[in-house]
Amino acid sequence: MSNYWVVGAMWDGRDDQSEKFFRRGYWFLGWDKGKQPLQDNRVDQMRPGDHIAIKRMLGQGSPNIAVRALGVIKEIDEDDKRVYVDWFVNGLEREVPGNGCFASIHGPFTADDPWVKEVFHI
């Protein structure tokens with residue numbers, strides 16, 4: 001059974017990496033391993049076949065996020081933890097409730113979660 005992940009692409013709150021991620025077919029955390037152990041642990045749980053969405057914050061105080069891209073994980077590089085993704089939809093700006101997803105990576109979520117259906121529908 002596939003899991004669902006919601007990730008960010010802004011480094012330091014202003015350096016948008018999303019176009020690079022789409023072009024190169026991957027996603028990864030923007031800091032060295034060990035600096036954010038909880039976030040590192042979530043990357044370690046990702047598996048090929050899991051679904052992934054890039055989100056964007058909608059400004060300080062907003063309870064919502066914008067879903068920017070959807071994909072399926074193909075592979076995780078064990079050395080640098082780069083997550084290779086088939087990005088099948090990008091250029092989205094779908095506003096959805098934030099559901100607490102305001103850090104760099106959130107999940108795993110399951111397909112039966114109504115919020116997941118809202119985030120990942122095409």
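**Strands, cavity and pocket**

Colleague: Which residue in β6 stands opposite K55?

Modeller: This is a predicted model, in which local features need pLDDT of at least 70, side-chain atom pairs count only at pLDDT 80 or more, and totals for chains, interfaces and linings use all residues. Residues are numbered from 1 along each chain as its sequence is written, and side-chain values use heavy atoms, with hydrogens and water left out. Strands are DSSP runs of E with at least two residues, numbered from the N terminus. In β6, A53 stands opposite L70, and K55 stands opposite V67.

Colleague: Over how many bridges do β5 and β6 pair?

Modeller: Two strands pair if DSSP finds at least two bridges between them. β5 and β6 form a hairpin with six residues between them, and G59 in the turn has a positive phi of about 110°. Strand β5 covers residues 51–57 and strand β6 residues 64–76, and their antiparallel pairing counts bridges to the number of seven.

Colleague: In β7, what is the bridge partner of A66?

Modeller: Strand β7 (residues 83–97) runs antiparallel to β6, and 11 bridges join them. Across this pairing, A66 has as its partner E95.

Colleague: Which strands stand at the edges of the sheet?

Modeller: The open sheet has six strands in the order β4-β7-β6-β5-β1-β8, with mixed pairing. An edge strand here has a single partner strand, so one side is left without a neighbour in the sheet; this applies to β4 (26–27) and β8 (105–109).

Colleague: Is K81 buried or exposed?

Modeller: K81 lies in the loop between β6 and β7, and in that turn K81 has a positive phi of about 65°. Its side chain makes a polar contact (N or O atoms within 3.5 Å, one able to donate a hydrogen and the other to accept it; residues adjacent in sequence count only if both atoms are side-chain atoms) with the side chain of D44, at 3.1 Å. Buried means under 20% relative accessible area, exposed over 50% and partly exposed in between, with a 1.4 Å probe and protein chains only. Because K81 has 19% relative accessibility, K81 counts as buried.

Colleague: What distance separates the C-alpha atoms of W87 and I52?

Modeller: W87 lies in strand β7 and counts as buried because its relative accessibility is 13%. Beyond four places in sequence, W87 touches (heavy atoms within 4.5 Å) residues including F21, F22, I52, I54 and L70. A polar atom of the W87 side chain lies 3.2 Å from the backbone oxygen of F21. W87 and I52 are 35 residues apart along the chain, and their C-alpha atoms are separated by 8.7 Å.

Colleague: What volume does the largest cavity have?

Modeller: On a 1 Å grid over the protein atoms alone, a cavity is a set of points where a 1.4 Å probe fits but cannot get out, and lining residues have an atom within 4 Å of a point. The count comes to one cavity of 30 Å³ or more. Its lining has 10 residues, with G8, W11, L29, G30 and S104 nearest the centre. The volume of the largest cavity is about 40 Å³.

Colleague: Which strand gives the most to the lining of the largest pocket?

Modeller: A pocket is an open set of points with protein on both sides within 12 Å along at least five of seven lines, and the largest has a volume of about 320 Å³. Of its 14 lining residues, M10, W11, D12, G13 and S104 are closest to the centre. β2 (10–11) and β5 each supply at least two residues of the lining. With three residues, the strand that gives the most is β5.

Key:
Helix = DSSP H or I, 4+ residues; strand = E, 2+ residues; numbered from the N terminus. Points joined across faces, edges and corners; volume = space filled by probe spheres on them.
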